[in-house]
Amino acid sequence: MQKKSNLAEDILYSHEELWEKSREIIRDTINPRSYQTWFAPINSLDLTDTTIVLGVPNKFFHEWIDNHYSKILRNALAQISGSTLSVQYKVLDERPYSAY
């Protein structure tokens, strides 16, 4: 069994629960197509006192989320966790991104 971080214990959320509740806020904030494209494929991998680690399909995803949805993402996480969390991305598919 994986030990929860102090933050997760304080608010009684695992990293998965924190991410699911944050995604609900994001889903209500952006249009459904954008949510399905950019947030549905993301998974929570870990949570420490200061950082949530999110698994993204590729580097392009990481860059797009960071450049276009960073504020929405961080606000949703803060609303659920009660604190400001850093977001770290882990690319799950290391193959180079290609549009072709």
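# Group meeting: a walk through one predicted chain

Helices here are DSSP runs of H or I with at least four residues, strands are runs of E with at least two, and both are numbered from the N terminus.

Some ground rules. This is a predicted model, so to speak of a local feature we need a pLDDT of at least 70, and side-chain atom pairs count only at pLDDT 80 or more, while totals for chains, interfaces and linings use all residues. Residues are numbered from 1 along each chain as its sequence is written, and side-chain values use heavy atoms, with hydrogens and water left out.

Back to His 15. Is His 15 buried or exposed? His 15 is buried, with a relative accessible area of 9%. Buried means under 20% relative accessible area, exposed means over 50%, and partly exposed is in between, using a 1.4 Å probe and protein chains only. The side chains of His 15 and Ser 44 are joined by a polar contact of 2.8 Å. A polar contact is a pair of N or O atoms within 3.5 Å; within protein, one must be able to donate a hydrogen and the other to accept it, and residues adjacent in sequence count only if both atoms are side-chain atoms.

Helix H2 also holds Lys 21. Lys 21 is partly exposed, at 32% relative accessibility. Leaving out residues up to four places away in sequence, Lys 21 touches Tyr 13 and Ile 80. A contact means heavy atoms within 4.5 Å. Lys 21 and Ser 81 sit 60 residues apart in sequence, yet their C-alpha atoms are 9.6 Å apart in space.

Now the whole chain. It has 5 helices and 3 strands. Along the sequence, the pattern reads α-α-α-β-β-α-α-β. The chain has 100 residues, and 38% of them count as buried. Take the contacts with a separation of 6 or more: 65% of them come from residues 24 or more positions apart. The accessible surface is about 6,400 Å², and carbon and sulfur atoms hold 50% of it. That area comes from the Shrake-Rupley method with a 1.4 Å probe; for residues, only the protein chains shown count as cover.

How confident is the predictor? pLDDT is its confidence in each residue, from 0 to 100. The chain averages 85, and 81% of the residues score at least 70. Over residues 1-11, pLDDT stays under 50, and the model has 21 contacts there beyond four places in sequence. Where pLDDT is low, the predicted coordinates should not be read in detail.

Next, helix H3, residues 32-39. Which residues of H3 are buried? They are Ser 34, Tyr 35, Trp 38 and Phe 39. Looking down the axis of H3, these buried residues fall within an arc of 100°, so they line one face of the helix. The arc is that of the directions from the helix axis to the C-beta atoms. Pro 32, Arg 33 and Gln 36 are exposed on the other side of H3. The cover over the buried residues of H3 includes H2, H4 and H5. At the start of H3, a side-chain oxygen of Asn 31 comes to within 3.1 Å of the backbone nitrogen of Arg 33.

On to helix H5, residues 70-81. H5 has 12 residues, so at 1.5 Å a residue it should span 16 Å; its end C-alpha atoms are 16 Å apart, which agrees. The expected span is 1.5 Å times one less than the number of residues. In H5, Ser 70, Leu 73, Ala 76, Leu 77, Ile 80 and Ser 81 are buried. Seen down the axis of H5, they fall within an arc of 140°, so they line one face. Lys 71 and Gln 79 are exposed on the other side. Just after H5, Gly 82 takes a positive phi of about 80°.

Let's zoom in on Leu 73, which lies in H5. Leu 73 counts as buried, at 1% relative accessibility. What does Leu 73 touch, not counting residues up to four places away in sequence? The list is Trp 19, Ile 26, Phe 39, Leu 54, Ile 65, Val 87 and Tyr 89. Leu 73 and Arg 23 are 50 residues apart in sequence, and 8.3 Å apart C-alpha to C-alpha.

Last stop: Asn 58, in the loop between strand E2 (51-56) and helix H4 (59-68). Asn 58 counts as buried, at 16% relative accessibility. A polar atom of the Asn 58 side chain lies 3.1 Å from the backbone nitrogen of Phe 60.

Conventions. pLDDT is the predictor's confidence in each residue, from 0 to 100.
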